[in-house]
Each structure stands twice: as C-alpha cells, then as structure tokens.
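Reader: I'd like to learn how to read a sheet in a model. Can you walk me through one?

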Amino acid sequence: MPTCRLVTALLMLVGCTSDPVGTGGTGSELGWRALAPVPEPLQEMHAAWYRGQVYVAGGINGSGVVTAVAYRYDPVADAWSRIADLPAPRHHMPLAVVADTLYAIGGFGPGGFGAMATVWAYLPASDTWGVRASLPGPRGASAAGAVDGMLIVVGGYGLNNVLVGPVALYDPASDQWRSGRPIPTLRDHLAAGVVGDRLYAVGGRPLNPANNLAAFESYHPATDTWRREADLPTARGGLGGVAVQGRVHALGGETNTAVFDDHEMFDAATGAWQGASPLPRGLHGLAVASDGQRLYVVGGGPAAGLAQTDQVWLWQEGAGASAPAPSLR
C-alpha cells in the first residue's frame, strides 16, 4: 500500500513545479503534459467530456468569489472558449453526461456552503442552460456519473451540513428522480468513476478535511446494491476522479494544512490498486475528465483552502504507470 505524498503549502510555493501559478506550464515531467490554461484560475468545479471537448462550469475564481462562468476546451486546437454562464453561481457542483446531454447538478450557492437542489442541462444549439427536475433534496460536494442511460448522484451534504445517504437516480426520458439505497460510508468531497454497469465512489470525508477516508465502494443501479471494494491506498477527500479504459483514477486531495499530488488507479478487472505518475503539483478541488483514452486535469487549489490555478494537464493511459513514488517530494 503506497504511502501518500503530502505536498505542504510551503513546498507548493517553492518547488513542486517549475511553472508559476497562472502560466499553464510547458513541461512534461512525470508523464504529464501541460495544455493551454483555462481562461481564469478556478477551483472547486467539476469537468465532463462532452461532444469531443472538455467542459467546466462554476467554481471559485481567483478573487475567492463563487462564479457562474462556464468554459469548454477544444483538444484539437488546444484552446478554450467561453460558453453561456450558468443560471446562477455554483461551486462543488458535479457535471455528468447522459443521453447526449450535459447536466450540472446541485452544488453550493454563493455566500458559503448552502446546498442547492437545482439541475440544469446545457443546450448547445442555443448555448443556453435549461431547467430540469430538481434533485430529491439539496446536496453539494457530491459525485455523479451515468450508467445505462441513468444519471446517478452519490454522497455529499445538504442543508445544515447533514451528510446525504440515499443515492439519487435521474431518468432523462421522464425528467424524474428517485432515491436508491444509501451509500454505505457517508461522506462528502468524494469522487466517482463508471466502469461497465457500476459507479465507483472514491474517498471523501465526513465534513472535515482532517478526517479523510479510504472508503471505496461501488453501486450497481440495476439491483440497487452497494459492494465494498479494496480501500483507496491513500485516504483523502477533495480529490478528483474519473474512469479511463476500465480503471478508476483518484487524483489529488487535501487535509486541513496540505494538498496531495497522489495519482492512484484501480483496475476493475483485477480489483487491485496501482500507483501512477503523481500530479505535476499537489491539487485539491480539481476538475477531471476523460475522453476514454486520455485524462484531463483542469485548475484546482495548489494549497489547502482557498487557492486557485489556471493550469491544465493531460495524462495518457499507460504513460508513467509506476510503483509508488517516495513518500515526500
């Protein structure tokens, strides 16, 4: 079991990467390659691969303000463009694609961590966001994915900082939600990845970043059942996650005082975790997406708490896979 590589805020400032925050970088160290930076520093937003591009929406900007901005990245042109703003500012709001539609789900509104139940669908033909049926209850800092044409939302917390247990399942054809079996380990700030007919819930924490969890469980919507999987090697919340070619990737995360550069991947076929090339710098609140072959990391916080970067990185499946790196860099 690999030992986590905690990258302290001090190390982040003086030497975790050769590129200063905001430049986007030019290096390809550790199996990663820098791409065009997102137009502004952002953290606590999510990403999704949609119609051949990476989409991000909402988050906390470089001024520490909750924003409604949304952008998309064209990997062919290595360029970002702005799309219609969200109907209202949001942060800690998952994005997911199902039935060729991009959804923005719940999250927290401006002025703190008040959970929302709003659901919006992006309409590319008109570059607008349409309103869809609200979640069964408000929740932010959750994770989402799609299985067999169904949108699935797990974890997070709602009003009065109460952790949400029941799974929320959305049928886009009927525009209706229903509740599923509660997640076995209650947590927020978790990540998710979908392999086959299962959604994998990765890490997280019960409200406090000092109490990170290694919980790793998978949900099977057809039978409404959960299964415990091999624990995440490095317990962490505030991480990013996505599935690529049958492997669930877990990246970054934070404690109260430090951030992680850890990159670990779970092979759903073997049930085993493996270390992979660490992030070029420690990050939490990062947005992660995949085109099915490559992994994209957008923005995030390079120090615990409120910190933002505009850096964007690409990682290729199979490049830089390795045994665990030394415990501290």
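Reader: Okay, which residue in β11 does Tyr103 stand opposite?

Author: First, the ground rules: this is a predicted model, where local features need pLDDT of at least 70 and side-chain atom pairs count only at pLDDT 80 or more, while totals for chains, interfaces and linings use all residues. Residues are numbered from 1 along each chain as its sequence is written, and side-chain values use heavy atoms, with hydrogens and water left out. Now, strands of a sheet pair through backbone hydrogen bonds, either parallel or antiparallel. Strands here are DSSP runs of E, at least two residues, numbered from the N terminus, and two of them pair if DSSP finds at least two bridges between them. In this case, Tyr103 faces Ala121. Their strands, β10 (residues 101-105) and β11 (residues 119-123), are antiparallel and share four bridges.

Reader: What is the strand order in the whole sheet?

Author: It's an open sheet of four strands, β9-β10-β11-β12, paired antiparallel. At the edges sit β9 (95-98) and β12 (128-132), each pairing on one side only.

Reader: Is Thr101 buried or exposed?

Author: Buried means under 20% relative accessible area, exposed over 50%, and partly exposed in between (1.4 Å probe, protein chains only). Thr101, in strand β10, counts as buried because its value is 18%. Contact means heavy atoms within 4.5 Å; skipping residues up to four places away in sequence, Thr101 touches Tyr50, Ala96, Ala121 and Tyr122.

Reader: And where does Met93 lie?

Author: Met93 is in the loop between β8 (79-83) and β9. Met93 is buried too, at 1%. Beyond four places in sequence, its contacts include His46, Trp120 and Gly106. Met93 and Gly106 are 13 residues apart in sequence, yet 5.7 Å apart in space, C-alpha to C-alpha.
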